[in-house]
Each structure stands twice: as C-alpha cells, then as structure tokens.
Amino acid sequence: MQITVLTVADCPNAQPALERVTAALDGRQTQVELIEVADEAEAARLGMYGSPTILIDGTDPFAPPGAVPSLSCRLYRDADGTVSGLPDESALRQALAGATPQARAAGTSDCCTPQPLDVVGRAGRGRRAPAENGLRTVHQQILRHFAATGAAPDAQMLQSIAAGAGRNATEVIGELADEDFLTLDETGNIRAAYPFSASPTRHRVRLESGVEVWSMCAIDALGIPAMLGQDAVISSSDPVSGDPITVTSSTGKVWWEPATSVVFVGQRPGGGPAASACCDALNFFTDAANARAWTSQYPDIPGQVVDQPTAERIGRQTFGPLLAP
C-alpha cells in the first residue's frame with residue numbers, strides 16, 4: 001500500500017495530515033510520501049482536490065462527486081456535518097482497511113465514502129431543526145412525546161407549542177416534513193420523526209424509563225440513548241439469518257451481542273427522504289459476512305459496512321444534539 005499526501009506550499013494542514021495518517025496506520029509499516037504540488041496542471045495529473053489530499057494507492061477515497069482538481073484549501077465533512085481541514089481519523093482508518101488486499105479479496109469496500117451517510121445527516125445540514133418560525137420547538141416536542149409515550153403526537157397536541165411562535169401546528173408539521181425532519185402518512189399524521197417510527201420496525205428500543213419505542217434504522221437506534229441521556233436496550237435482528245442482535249447502552253458504555261455485529265450503511269441512488277432512500281438499508285448484522293451476503297442480494301444499494309465504534313459515533317453525533325436548546 002502506497003500513501004501519498006498532496007499539499008501546496010505552506011499548507012497549515014500538511015503536517016497534521018501526515019500525523020493523522022500515521023495515527024490511522026496504528027503501527028503498520030507502509031510508505032508515506034509528501035508531495036508539494038506547484039500548479040493546476042500537476043494537481044490535475046496527480047488527482048489533487050485541494051490541500052491536503054490523501055491518496056491511497058493513487059486513489060482519493062474522500063473525493064466528493066463532481067470535484068475538480070484544485071490548489072485551494074481542502075475541507076472535509078464528517079458524518080455529523082462537522083467541517084475541518086482533515087478527514088476524520090475513524091474514516092481514514094476505514095479507508096486504509098478498505099485498501100488492504102484482504103478487504104479487496106473479500107469483495108467489500110469499507111472505504112469511507114461520505115455519500116451513503118449524507119441522507120442520514122441531511123447532506124451535512126444535520127437533523128436538528130432550525131430555531132426560526134417555531135420549527136425547533138415543535139420538532140423537539142414531537143421527539144419528547146415519542147420518548148414519553150412511544151407514539152406520535154397529533155397536530156392538536158402540538159398547537160399550543162406552535163402558537164407560542166405565532167404558528168399553526170399543521171403548517172409547522174408540513175414544513176418539517178418538507179425538510180425531511182419527519183415523514184407524514186396519506187392523512188397528514190406523523191409517520192416518523194427521525195430517529196422514531198410511529199409503527200413497528202426491525203429495531204425496538206427499550207428506554208431506561210420503561211417506554212418502548214421503534215427506530216427507523218440501526219443508526220437511529222444507536223442515537224436514541226445519546227439524544228435522551230438515558231440508558232437503553234436495542235433489540236434488532238439480522239436481515240439474512242434472522243438471528244437476534246442486542247445493543248445495551250448503560251452509563252456511557254455500550255455492549256453488543258453478538259460481539260461480531262456490524263452495521264451496513266446504504267442509500268438508494270436518486271436521493272429523496274431518508275425514510276425511502278436509506279432507512280431499510282441501514283441494518284444490524286451479526287457479522288460482516290452476513291452484511292456482504294445482504295449487499296450481494298441488493299447490488300443496486302451502494303454503501304459500506306461500518307464497525308461498532310463508527311456506528312455508535314454516527315448515531316451519537318447525528319442525534320445527540322437534537323434536544324439541545
């Protein structure tokens with residue numbers, strides 16, 4: 001494996017990029033080269049999409065769709081929408097793992113491509129509704145109602161909250177649905193408010209309070225304890241084998257059973273609301289082999305297998321802030 005870091009002169013993130021690569025390699029010995037790119041022509045020849053660009057065996061695993069070669073400062077967007085001058089270390093570790101001959105031979109790409117995660121976090125905009133026009137207060141009340149009862153509130157239950165912002169609850173609910181903070185059924189009632197589902201799904205979450213809720217997907221389920229600040233037990237099943245999977249969150253620690261469990265994060269091409277684009281393609285599996293077996297059945301759904309710490313982080317960062325003021 002050959003790793004190349006492409007930078008421009010005096011790039012402040014050149015040395016930090018080298019340090020992050022070293023940390024992600026975790027002691028593995030491989031050749032790492034730093035190249036200073038002088039002009040646009042060289043950037044195009046080498047495949048540099050801003051400084052710094054990290055190439056693994058000549059390929060940029062973080063290249064955004066439609067990107068053009070550039071000497072400008074490079075910005076990387078994490079799964080939770082955070083932007084920085086370096087790729088997330090966990091994502092870089094996955095990219096390096098996906099570059100190994102063993103991973104290629106297994107027919108899986110654990111390389112971190114940001115696109116499958118975009119719909120989870122609304123393409124970097126996050127799942128926390130904006131404060132303007134009563135959207136956040138109504139959205140948060142919907143989430144709290146789900147957490148307290150396991151069910152969705154109706155517009156009448158939300159009217160007093162909406163009225164405090166000078167709004168009509170039905171209108172606010174419609175706006176939240178338009179922005180994919182929630183989904184509605186054919187009668188206009190709330191079908192889901194990520195991470196919660198108003199109807200049963202594969203993923204059941206029993207809260208410390210004793211309330212049981214359903215989540216839209218595996219990542220949503222993992223985000224619920226962080227969002228509510230409660231311990232929880234997630235019960236799901238492997239779509240291939242049907243075997244049970246349990247994730248227990250207690251006092252800030254998480255246990256998975258079986259210990260080999262992973263999460264597949266996929267997204268159907270074409271975009272659209274998360275409920276239709278990816279929620280049924282973000283599942284727990286008892287192991288990576290079953291996840292690969294599932295993807296072979298659905299080759300039209302691109303995505304990636306993520307390990308437990310990565311799945312926990314995505315859930316925590318995506319849904320943890322939702323009830324903050």
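Let's start with Asp 280, which forms a salt bridge with Arg 268; their closest N and O atoms are 2.6 Å apart. Asp 280 sits in the loop between helix 10 (274-277) and strand 17 (282-285), while Arg 268 sits in the loop between strand 16 (262-266) and helix 10, so this pair ties together parts that are 12 residues apart in sequence. Keep in mind as you look at the pair that this is a predicted model.

How open are the two partners? Asp 280 is partly exposed, at 41% relative accessibility. Arg 268 is partly exposed too, with a relative accessible area of 27%.

## The idea behind the pairing

Why can such pairs form? Side chains of opposite charge can pair when their charged atoms come close. Across the whole structure, a search finds 11 salt bridges.

## Two further pairs

Glu 186 and Arg 191 form one of these salt bridges, with 3.5 Å between the closest N and O atoms. Is Glu 186 buried or exposed? Glu 186 is exposed, its relative accessible area being 71%.

Arg 204 forms a salt bridge with Glu 212, and here the closest N and O atoms are 3.6 Å apart. Arg 204 is partly exposed at 32% relative accessibility, and Glu 212 is partly exposed at 36%.

## A network

Which residues are linked in a network of salt bridges? Look for Arg 167, Glu 171 and Glu 175, which are linked in this way.

Note on methods. Residues are numbered from 1 along each chain as its sequence is written. This is a predicted model: local features need pLDDT of at least 70, side-chain atom pairs count only at pLDDT 80 or more; totals for chains, interfaces and linings use all residues. Side-chain values use heavy atoms; hydrogens and water are left out. A salt bridge is a side-chain nitrogen of Lys or Arg within 4 Å of a carboxyl oxygen of Asp or Glu. Buried means under 20% relative accessible area, exposed over 50%, partly exposed in between (1.4 Å probe, protein chains only). Helices (H or I, at least four residues) and strands (E, at least two) are DSSP runs, numbered from the N terminus.
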